[in-house]
Every structure is written in C-alpha cells, then in structure tokens.
Amino acid sequence: MIAGAQTVYAARTAMDELALNEAMDRYACGDARAFPELHRALAARLLAYLTRMSGSETLAGDLTQETFLRMHRARSSFARGGAVAPWAYAIARNVYLDHARAQKHRGTERLPSDPGAEPPDARGADAEAVAIASETARAVERTLASLPASQREAFILLRYEGLSVQDAAAILGTTASAVKLRAFRAYEALRAALDDLKRRPEAEPGGAEERRRGKGQGSVRGGANVE
C-alpha cells in the first residue's frame with residue numbers, strides 16, 4: 001500500500017514538473033500569462049533554498065525577487081523542452097553568490113544557517129524533548145555553517161531541495177561524482193556532530209535537569225556550612 005502511494009506521488013510530481021516545463025516554454029516564447037503559474041510553482045521552493053543558503057528569510061525574499069527578475073531577463077535563452085527547476089535553481093544560486101561576494105567585500109558576509117531545523121513547538125510536548133530537539137537543531141546549524149561552501153551547497157540541493165544528483169551537478173557546474181562526494185562529506189560531518197551531541201551529558205534524558213538540581217543543592221549546602 002505504501003509502495004502504491006509512493007508511485008502515485010512520483011507520477012503526480014512528474015506531471016507537475018511537466019506542466020511547469022510547458023509553462024516555461026510558453027513564457028520563453030513571450031506568453032506573459034504563464035508567469036503566474038511559474039511563480040506559484042517555484043516561489044516557495046526558491047525562497048526555502050535561498051533562506052538556507054543565506055540564513056535570513058528576509059534577505060532570501062529579496063534574493064527570490066531578484067531571481068525571478070533574472071529569469072525574466074533570461075527567458076529567451078531557456079532551452080525549449082528543457083527542465084525549468086534546475087535552470088531556476090542555477091539562477092538563484094548565482095544571485096546568492098553575487099550577494100555573498102558583495103557582502104564579503106564589505107566585510108559583513110553572513111554564514112548560512114539551517115532553517116529546516118526550526119525550534120519545535122513546545123505546546124503539548126515534553127519540555128526535555130523540546131530542549132534536546134532545539135540543541136540538535138543548533139548543532140545542525142553550526143555544522144552546516146562550518147562546512148566548505150561546495151559541501152554545503154551539495155547537501156542543501158540534495159537533502160532539502162530534493163533534486164537529483166544530475167540536476168545538482170548541472171546547477172553547481174560539476175560532475176555527478178563530485179556532488180555525491182561533497183554531499184557524503186557533509187553527511188559525515190553532520191553525523192559526527194550529532195554523535196558527539198548524543199555523547200554529551202546534556203543530551204542524556206534528565207542530564208541537564210539533574211545537574212541544575214545538583215548545583216542548586218550544592219549552593220544550599222555550601223551556604224549552610226558558611227553559617
């Protein structure tokens with residue numbers, strides 16, 4: 001039953017991509033009425049991608065607008081019958097890189113963070129589980145920010161954007177083997193960071209709370225001895 005649902009989802013996704021590619025073909029030929037369809041299909045995806053790359057949803061909103069502007073300017077160069085998603089992601093990546101280079105020259109370049117690991121909703125959740133999940137999210141964010149740009153980009157495109165290795169390679173201007181290697185190294189770095197987090201006392205159930213209680217008891221005992 002699960003396999004059947006996956007097949008249906010894959011077929012629906014393929015149909016959506018086909019419709020998107022056809023809309024881009026019309027837009028490339030000068031049909032302005034196809035733009036709203038492209039925007040509906042791509043805006044949220046590009047915003048999520050640029051948020052992960054830049055670490056700021058506000059900045060990502062501006063970069064997304066610039067991406068659509070560049071897509072409009074370059075629409076006549078789109079290869080008719082091609083796949084629009086990799087083309088759009090490549091433009092978005094160039095927009096981000098242009099911004100990052102400009103910020104670097106000003107000495108204020110931001111390191112990207114991972115908004116996909118947002119603080120969980122504490123309503124109805126165990127406070128300790130929420131704390132552990134929040135620390136895990138921060139560890140993922142720190143690790144992604146510390147990765148070389150090539151590894152971070154490969155990981156984001158494959159893991160978060162769900163692109164194929166071939167499409168990611170086309171966007172990054174490299175080979176499929178290189179994308180796989182970069183993503184593997186990113187996965188390994190994240191795995192090591194999460195394994196290290198699990199080994200910390202804070203990550204153990206009740207560990208942080210027990211230490212807080214111990215510190216509190218120690219201060220009380222210490223005060224009694226002074227008296």
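The expected span of a helix is 1.5 Å times one less than its number of residues. Helices here are DSSP runs of H or I with at least four residues, numbered from the N terminus. Helix H8 has 24 residues and reaches 35 Å from its first C-alpha to its last, close to the 34 Å expected at 1.5 Å a residue.

The model is predicted: local features need pLDDT of at least 70 and side-chain atom pairs count only at pLDDT 80 or more, while totals for chains, interfaces and linings use all residues. Residues are numbered from 1 along each chain as its sequence is written, and side-chain values use heavy atoms, with hydrogens and water left out.

**Nonpolar core**

A nonpolar core is a set of buried Ala, Val, Leu, Ile, Met, Phe, Trp, Tyr and Cys residues joined through side-chain atoms within 4.5 Å. Buried means under 20% relative accessible area, exposed over 50%, and partly exposed in between, with a 1.4 Å probe and protein chains only. The largest such core holds 48 residues, of which Leu 42, Leu 46, Tyr 49, Met 71, Leu 157 and Val 179 touch the most other members. At least two residues of this core come from each of H1 (2-28), H2 (35-54), H3 (57-73), H4 (84-105), H5 (127-146), H6 (149-160), H7 (165-172) and H8 (176-199). Helix H4 gives the most, with 10 residues.

**Aromatic pairs**

Rings of Phe, Tyr and Trp (its six-membered ring) pair if their centres lie within 6.5 Å; planes under 30 degrees apart count as stacked, over 60 as edge-to-face and the rest as tilted. A search of the whole structure finds six aromatic pairs. Two of the edge-to-face pairs are tabulated.

| Pair | Centre distance | Plane angle |
|---|---|---|
| Tyr 49 and Tyr 89 | 5.3 Å | 85 degrees |
| Phe 155 and Tyr 187 | 5.1 Å | 70 degrees |

Tyr 49 lies in helix H2 and Tyr 89 in helix H4, so their pair ties together parts that are 40 residues apart in sequence. Tyr 49 counts as buried at 0% relative accessibility, and Tyr 89 counts as buried at 1%. Contact means heavy atoms within 4.5 Å. Not counting residues up to four places away in sequence, Tyr 49 touches Tyr 89, Ala 92, Arg 93, Ile 156, Leu 157 and Glu 161.

In the other tabulated pair, Phe 155 lies in helix H6 and Tyr 187 in helix H8, so parts 32 residues apart in sequence are tied together. Phe 155 is buried at 4% relative accessibility, whereas Tyr 187 is partly exposed at 35%.

Elsewhere, ring pairs link Tyr 27, Phe 35 and Phe 68 into a cluster. A charge sits over a ring if NZ of Lys or CZ of Arg is within 6 Å of the ring centre and within 35 degrees of the ring normal. Arg 75 lies over the face of Tyr 27, at 5.9 Å from the ring centre. Arg 159 lies over the face of Tyr 160, at 5.1 Å from the ring centre.

**Helix H8 and Leu 190**

The buried residues of H8 are Ala 178, Val 179, Ala 183, Ala 186, Leu 190 and Leu 197. Leu 190 has a relative accessible area of 7%. Its C-alpha is separated by 6.5 Å from that of Val 140, 50 residues apart along the chain. Leu 190 touches Val 140, Thr 143, Leu 144 and Phe 155, not counting residues up to four places away in sequence.
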